[in-house]
Each structure stands twice: as structure tokens, then as C-alpha cells.
Amino acid sequence: MLSRYHPVVAAESSGQLTMLLQRLSLRAGLHPSPRTQRTTIFPRLAKALTQVGLARANSNSFTHRGELRKAKRIVVKLGSAVVTRGDECGLALGRLASVVEQVAMLQNQGREMMIVTSGAVAFGKQRLRHEILLSQSVRQALHSGQNQIKDMSVPVLEARACAAAGQSGLMALYEAMFTQYSTCTAQVLVTNLDFHDDQKRRNLNSTLQELLRMNIVPIINTNDAVVPPPEPNSDLKGVISIKDNDSLAARLAVEMKADLLIALSDVDGLYDSPPGTDDAKLIDIFYPGDQLSITYGTKSRVGIGGMEAKVKAALWALQGGTSVVIANGTHPKVTGHVITDIVEGKKVGTFFSEVKPAGPTVEQQTEMARNSGRTLAALHPEQRGEIICHLANLLVEKKEEILAANKMDMDLAVNAGQLSSALLNRLSLSPAKLNSLAIGLRQIALASQDSVGKVLRRTRVAHNLELEQITVPIGVLLVIFEARPDCLPQVSALAIASGNALLAKGGKEAANTNRILHELTQEALDIHWVKEAVQLVSTREEVEDLCRLDEMIDLIIPRGSSQLVKNIQSAAKGIPVLGHSEGICHVYIDSEAAIDKVIKIVRDSKCDYPAACNAMETLLVHRDILRTPLFDQIIDMLRTEQVKIHPGPRFASNLTFSPSEVKSLRTEYGDLECSMEVVDSMQEAIDHIHRYGSSHTDVIVTENKDTAERFLQQLDSACVFWNVSSRFADGYRFGLGAEVGISTSRIHARGPVGLEGLLTTKWVLRGDGHTAADFSEQGTMEYLHENLPVTQPQPRQIAAQSEE
């Protein structure tokens, strides 16, 4: 924190700030040129003055990853495996360069960065090996009189000698790299004795404080040229001894009251068992007292520590008030941003925290959901239907409690003033909405009777060898939705009907409503003892972190703004995402359209619910309609409904006076606004939609059946309508009961995704000792491949389907 070292008077103007910076520069003994002042020193000092918000009192460690953004003083420990090459001779220059870039970036943000580094031994080994080989080749050439080199073996090199030869080169490399970012560095070599002697420890502390004050990055290493071998169990009471760079980094972080210690190694973090073994799981958050649940593996290929030493050092630092993250600094895909990701609070490596949350972690929730979901999938269809009907009844029975919770959310949202009117409408629940939800859930219950386990195909492969293709759940679904609490019971019912486990991540704006709706969902699930199949993620998990659970989640379904969908599609590298990033829906008015239908359809498509993804965003008009009574009625209706029109370039050219031309015809307004463009034909309308649309929902209004059929056949969108409002692109209106979203992808499900879109298939083969050899040339059997009739089991009647 800058104010810990300088009394700074706030500058009231840019001129005062410049004068203040000049005085600080002179006080620090700096006499820079005007150019250096402008380009280097003043920007840094100004940035430092504006970073007061980063500082905090170092009394307690951070309790959650999101708080790491506040870290002011940071120690980065680079393990031997991070710094050295795979052959252990020389440095991994690419990795080192990326680390330097990230440290310099954070330093220039106003943070105080320190590096504890390994690598002197490896760098020295490379230099000494080169010198020995060169010396041997010269001696052999002198003795043999020829240039052939024989038996060029290199003796085992003593580590202290390697460190002595490598320390200067390592520091010179760091200095050269940091110079590229106008960042100054200083080398500090320490031994265990420097921490045991009070005077030396005070001197070390004073030196580091002064370096940080001058915006210099200290690069610290143990003085391996003189350090004695580590003594086992030599820790003093309450003090960790310096056996390796892990303990050095921990001791240094506590001594310097650092906010965060980042320990980079060659593993992704701390595992509950040795990495690479069966069932080894990466631990996201590690708490003191969890040591007994850990089985440690072997040490790294280089270095003298190991994961056990890292955990011990991390817990000691944590006890001293410094937060710790252990992460992988060698992975080529993440090395370039691992440090900055950690400081930004992203879920990277293992975070050490003293405060254990009351509830389960999201990983534990996912595991519970998967296990309970398998039981859910094994229930009879009518049992799953009973759960959904019971949930529908609870929505009606408990509506007063639901509406009271929703009112709390609405009041908070209105007072905060951060939600648009469209989002407030989505957030709001009413008795009518709850009744509609209950009706939709009962439709899902009826549809669920022949969903899971449905036989799609039967084939007699050979005598007594029959094959079936049957529907099965996808697995674990992650549904992320914004301020729309009615989404929770809808997707829960669809997940239950399809036998899928569900993780639901709702917007914080609907926290109270989501909580009671989830409680009712689990109450309904509990009638068949599968309460944990639906989990509500209420922890402070970032969406990006949830998208990284590729080994636990099978499908992500985003419900919200186009920006939310885009962010999830970008973050979910290993998990399929079902949804659409934009809902740019078109209504095309053909030259043979009926006036009454045009007015009704355009009004409903745009004005019924402008924030919906199936609302019209572009109105296409055939040129023959311009300057006709029909065109005038369309414009008058839109004006009456207060719809703002953005003319396209061709439409604008036909107007004497017009609003400003649309910036982009590929715009989703989500409000009472729309683009408007002129086309010369139905084919031109199709071409326009293919170019600017999002393959969501598109409409033609015409009385010409042939024109309509060509439009329906040629247009490549998830939903294509004739003389129907675009607002019909909805699972409830399609009779699906509800939907988890509308998909514009071309694989698996497309359009409103209801129950069938949450199922996949598996193949079941029943035989009688058959082998592939039986069907070879020497075998006795032959393939039949006969199609057999498909029969389905008759479901039992669902109990308590509705409540009068």
C-alpha cells in the first residue's frame, strides 16, 4: 500500500498531479529527461497513486478466490520444474519469458511483485558442461594431434558449484527480460541463517521494503553456493526453516506481509492422491485439517521439495496471513496467463483457505447430482411423472411464499436501479405465471411416460442375436440463466422427465426466488428419494470456472442474453453448449400479403415481448408495398406502439427524410426497436436472412401458397413460419410443456428444445454366446439384419396429476 511508505496529498487537477510526481521523483533522487518522465516514470507513479484500492491490512488471508483481485503485495515462487528444461541442463526460456511478462504487467498495475526463483543450478550445470566438454576437446586435440573426440564423458557436477556458476547468468537473464517492460529488478541471495539472526532478518526486510518502494522487483533465491544440506525436522516452534524454495517463499511472504503467494510447479495443483493414479482428483480449495485425506506421490523430476513440502509451506504461510495458490506453471496452454488468471480470481490450481464454507463445493454438488441422477434415470417413467406433478402442485400451494420471496428480489432490483424494464419483467412472478408454470409442468409429466428407455429401432442381427437402440439421459446438465426464476422449475421438470441430473446457476438478482423454488423442487424429488438430483449452485462460482468442469458436466444450456451465451460458448472448450448466441428474427411481408394478417403478425412479433429471443428484430418489405395503404398502416401501427425504426440502406434511399441509417443489419435490439429494409423478391428476402440472420426464427406473410412453400423449404433456420407470429417459437406453444432453450446449432437438437432434446441413445445387444468368429468365412453363422417391429411398454397411470 503506497500510503504505508509515503504521505501523499491528493492532487485536485492534472497539473497538480504532474507537480506532485515531479517532487516525488526528485525526492527519490531521480533526474529523468522530459521524455522519460512522460513515457516511463510519471505513468508508473500515477498508476501507483491510483491503486490505493488494492491495498489491505495483512491480518487475515483471503477467504475466497474472488478476493484475490485485491492482492497488493504478491510473491511468485517458480519451482525448478518451471524454470528448467526437460533435460535439466539450461532454462526453459519460453516459460520464463511468459512469467516475466505477467509479473511486469501486474507490477505496472500498481502491485508489489516479488519472485522467488530456482534455476541457478540448472543454468550453472549448462555452463559447466559446456566448459568441460570444450576443455576435453582441446586436450584431446593437443594429445592426439587430430580433431576426433573420443570418450567425451561429463563427470557428475556438484550442485553448489553449479549454483555458483549459474547465479550471475540467471540474474542477467531476468534483468534483460524485465528491461523489455521498463521494469527494474534486484537480486537478493539468502540462506536459512539470515532468518534466524534477528538483525539480518531486519536488514533483509528493510532492503526488500526499500526495493518495493522504488517500484523494483526483487528476485530472491537461496544462496545455493554456500548453503548447507537441509537438516530434517529442523523447524523451530512456530517458524518454518528454509529447506527449499517452497519454505523460502512461505517464510518470505509472511515476513513481508504479502497478500498472496503463488507457487508454480509442474502439476495442476494439489490432488487427493498422486497425479496420474486412478480416481485422482484435483482439489479446488484446501483447508487446514485436510492433510490426512491426502496421499502424496513422488517428488518432481528436479528440485528438492515435493508436494508435501509445498503443502507444509502453504499452510504455514496461510497461518501467517498470506493466501496461497499452488498451480501449474509448465502447461503450454495456460503458462502465458496462469499468474494473471490467479490474481483475477479464476479457478486455477489449488487455493488454500482457512474458512471452510457451510455447504458443499460445486464439484461435490456435481458428484451428488450425478449419483442421484443415475437413480432418477432408473425410476419408472410414472414415478418421474409423479415427482413433476407434485412440483406443479407445490407451485400452486406455496405461491404466497414464492411471491413473497420474489417481491424481495424485485424490491432489491428496483432500489439498485441496474436492471432494464425488460429484465424486471423477466424477474417478476405473478399468480398467473405460476399457474401457467404448473400447467406446463403437468404437460411434461404426461410426455415423460415414453421418454427414457424408449425403443427407437429393433434389428435381428442373426439368429438369437437382437439389437435395440433406446433413449437414455445425457448425464449432468448445467443450466445457467439470468434474471428469470421461472426457468428453474421448467428446466428442473425437463431434467427430471429425461432422467438427467441438473446443476442450476441462477442470476443473483433472483437469489431469494431461486432458493425457495429449489427447495420445492427437492421436496418433490424426495418423494422417490432422489432429492440431490437437482442442485442449485449458490456459491460465488464464476461462470467461466463452471465451464471448466469438463469431466463432470455433459451439456451446458445457457438461458439469457446473447452476451451470456457468447461468453459461455467461448469458455466451454470441452463441454457442448446447446443454445443460440443471438435471436435476430425476421418477418418478410410479401407483395401478396393480406393487410389484416400483416398488422397482427408484425405487432405481435415485435411488441408482445420485445426482450424475448423470438421477437422480430428486422422487418423486410417487398418493394411493391412501398407507398401503398398497407405500408402506411404498418408505419402508423409501429409509431403507435412507440417502436423506433432503423432503416436499412435500400429503404433509406427511398425516403426523403428519414432517421439515421442502421449501423448494422445484424442487430438484436431486445426492445421496442427494429431494423427495416426493402427487398425486390422472396428470394432476395431469403438471401438477406441467410446473410444477416442468426438461424433462429423467420416468418413470411403472404397469401401465395407456392411462394410460402418455397420460403419454408429454402430458408435454413431452426424455425420457419408462414402467416404466424415469430413469438410462437416456444416450447410451451409447441406443446412441449416447456423448453430449456432454443438451439440454432445443427447437431443434436434444433429449435425449442424440450424433453427429446435432453436425451441421447445407447445400443443394447442381446445374444447367446455369439462371437465375431462365428460370422467369418470359417464360421457357421450368417448375418440377417432384419428390421423388427418396435413395441413399447405400457405406462402406469400417474397419481395426482393435477390439483383442482
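Where is the place of N245? Select helix α9, residues 245–255, and N245 is there. Note before going on that this is a predicted model.

**Stop 1: N245**

Show the side chain of N245. This residue has 9% relative accessibility, and buried means under 20%, so N245 counts as buried. To see what else surrounds N245, leave out residues up to four places away in sequence and select K77, V116, T117, N221 and T222, which N245 touches along with S118.

**Stop 2: the sheet**

Next, select the strands β23, β10, β9 and β24. In that order they form an open sheet of four strands, with antiparallel pairing. Look at the edges, where β23 (759–766) and β24 (786–788) stand. Each has a single partner strand, so one side of each is left without a neighbour in the sheet. From one strand to the next, the twist averages 30 degrees.

Stay with β24 and colour β9, residues 455–462. These two strands run antiparallel and are joined by three bridges.

**Stop 3: S725**

Finally, go to the loop between β20 (719–722) and β21 (741–743), and select S725 there. Is S725 buried or exposed? Its relative accessibility is 5%, so S725 counts as buried. Show I601, D604, S605 and V699 as well: S725 is in contact with these residues, leaving aside its neighbours within four places in sequence.

Terms used:
Residues numbered from 1 in each chain as written. Predicted model: local features only at pLDDT ≥ 70, side-chain atom pairs only at ≥ 80, totals over all residues. Heavy atoms only, no water. Pairing = 2+ DSSP bridges. Axes fitted to C-alpha atoms, helices over the stretch in contact; angles between N-to-C directions. Buried < 20%, exposed > 50% of the residue type's maximum accessible area, 1.4 Å probe, protein only. Contact = heavy atoms within 4.5 Å.
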